[in-house]
Amino acid sequence: MFMHPNTGQVFDSPVPAGTGWPGDPATPQTAAAADPAQAAALAHTAHSIRELDAAISMCRACPRLVTWREDVALSKRRAFADQPYWGRPVPGWGSERPWLLIVGLAPAAHGANRTGRMFTGDRSGDQLYAALHRAGLVNQSSSVDAADGLRANQIRIVAPVRCAPPANAPTPGERTTCSPWLEAEWRLVSDDVRVIVALGGFAWQAALRVTASTIKPKPRFGHRVVAELVPGVQLLGCYHPSQQNMFTGRLTPAMLDEVFRDAKKLAGIE
């Protein structure tokens with residue numbers, strides 16, 4: 001058992017459902033998809049974001065990813081050796097009626113796989129949430145754990161793959177197995193979304209697929225490239241705020257700020 005760094009409550013790693021982890025949407029009775037067909041069925045029948053988040057957080061449809069995320073939760077990184085790791089799939093985070101949807105790739109092994117919240121507890125998240133705060137889209141500039149008081153201002157952050165993958169590289173089959181979760185999330189929030197920010201090329205392709213965009217020719221990803229996916233919904237490209245991109249200067253805080261200014265202008269906000 002390990003003590004949560006914020007609440008002081010003790011948990012096993014990985015964290016069992018319904019044991020009090022901050023923001024855990026599942027209960028011990030939540031169904032766990034054991035294969036791709038079950039994952040697709042649970043995604044298809046989800047009637048609310050809360051129901052979908054709970055189902056996502058219990059998924060076990062990809063054996064390689066289940067083994068990896070749980071092994072990481074047990075072995076840990078030295079800096080977090082005294083902390084519990086979430087060690088489960090990571091649901092989306094933010095508003096249930098967002099005007100802005102931010103699409104990433106997958107949880108980081110020692111970031112969201114540890115904290116249980118998208119882009120929380122790693123350097124990519126440090127950059128992303130700081131920029132969102134500067135844009136007035138979250139209430140604070142840092143995101144360290146799931147009990148830190150972070151609140152979204154009509155935005156939602158999602159990922160095409162919900163489990164931390166080895167080497168940050170899910171296989172094509174794992175991406176396909178996970179895709180119904182994003183499709184269901186889009187179904188539940190699409191009436192309100194006006195802008196999708198895609199963090200990287202994979203997120204860009206995922207956004208094109210999930211919205212069933214029929215743009216011809218298919219738009220290519222680029223930083224600050226804009227494409228109308230369907231009437232009233234704009235897709236905006238942004239380099240991923242990875243540690244490498246930020247360290248090399250491919251993406252800077254100023255460039256992130258430009259993207260979220262663009263997003264607000266596209267949505268008619270400000």
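Guide: A helix here is a DSSP run of H or I with at least four residues, and helices are numbered from the N terminus. This is a predicted model. By that count, the protein chain has nine helices and eight strands.

Visitor: How do you know what the radius of gyration of the protein chain agrees with?

Guide: With 270 residues, a compact globule would come out near 18 Å. The protein chain has 17 Å, so the value agrees with a compact globule. Along the principal axes, its C-alpha atoms fill a box of roughly 50 × 40 × 30 Å.

Visitor: What makes α2 parallel or antiparallel to α6?

Guide: Two packed helices are described by the angle and the distance between their axes. Helix α2 spans residues 49-57, and helix α6 spans residues 172-189. Their axes come within 10 Å and cross at roughly 170 degrees. An angle over 145 degrees counts as roughly antiparallel. Therefore α2 is roughly antiparallel to α6.

Visitor: Which residues make that contact?

Guide: Helix α2 brings I49, L52, D53, A55 and I56. Helix α6 brings W181, A184, E185, L188 and V189. By class, eight residues are nonpolar, none are polar and two are charged. Asp and Glu count as charged, and D53 and E185 are in the contact.

Visitor: What makes a space a cavity, and how many of 30 Å³ or more are there?

Guide: In a cavity, a 1.4 Å probe fits but cannot get out. A search of the whole structure finds one of 30 Å³ or more. The largest cavity has a volume of about 80 Å³.

Visitor: Which residues and helices line the largest cavity?

Guide: The lining has 13 residues. Nearest the centre lie C59, A61, C62, C163 and C178. Helices α3 (63-75) and α6 each supply at least two residues. The largest share, three residues, comes from α3. By class, the lining has 10 nonpolar, no polar and three charged residues.

Visitor: Why is a space called a pocket?

Guide: A pocket is an open set of points, with protein on both sides within 12 Å along at least five of seven lines. The largest pocket holds about 930 Å³ of space. Its lining counts 36 residues, and A108, S124, N168, H240 and S242 are the closest to the centre. Helices α5 (123-134), α7 (201-210) and α8 (243-248) give two or more residues to this lining. The residues divide into 18 nonpolar, 13 polar and five charged.

Visitor: What lines the second largest pocket?

Guide: The second largest pocket has a volume of about 320 Å³. It is lined by 18 residues, and G23, D53, P91, G92 and W93 lie nearest its centre. Helix α2 and strand β3 (93-94) each supply at least two. The largest share, three residues, comes from α2. By class, this lining has eight nonpolar, four polar and six charged residues. Gly counts as polar here.

Visitor: What sets Q154 apart?

Guide: Q154 has a positive phi of about 60 degrees, although it is not a glycine. It lies in the loop between α5 and β5 (155-158).

Conventions: Residues numbered from 1 in each chain as written. Predicted model: local features only at pLDDT ≥ 70, side-chain atom pairs only at ≥ 80, totals over all residues. Heavy atoms only, no water. Axes fitted to C-alpha atoms, helices over the stretch in contact; angles between N-to-C directions. Parallel < 35°, antiparallel > 145°, perpendicular 65-115°, else oblique. Contact = heavy atoms within 4.5 Å. 1 Å grid on protein atoms, 1.4 Å probe; cavity = no way out; pocket = protein on both sides within 12 Å on 5 of 7 lines; lining within 4 Å. Points joined across faces, edges and corners; volume = space filled by probe spheres on them. Rg over C-alpha atoms; globule rule 2.2 N^0.38 Å.
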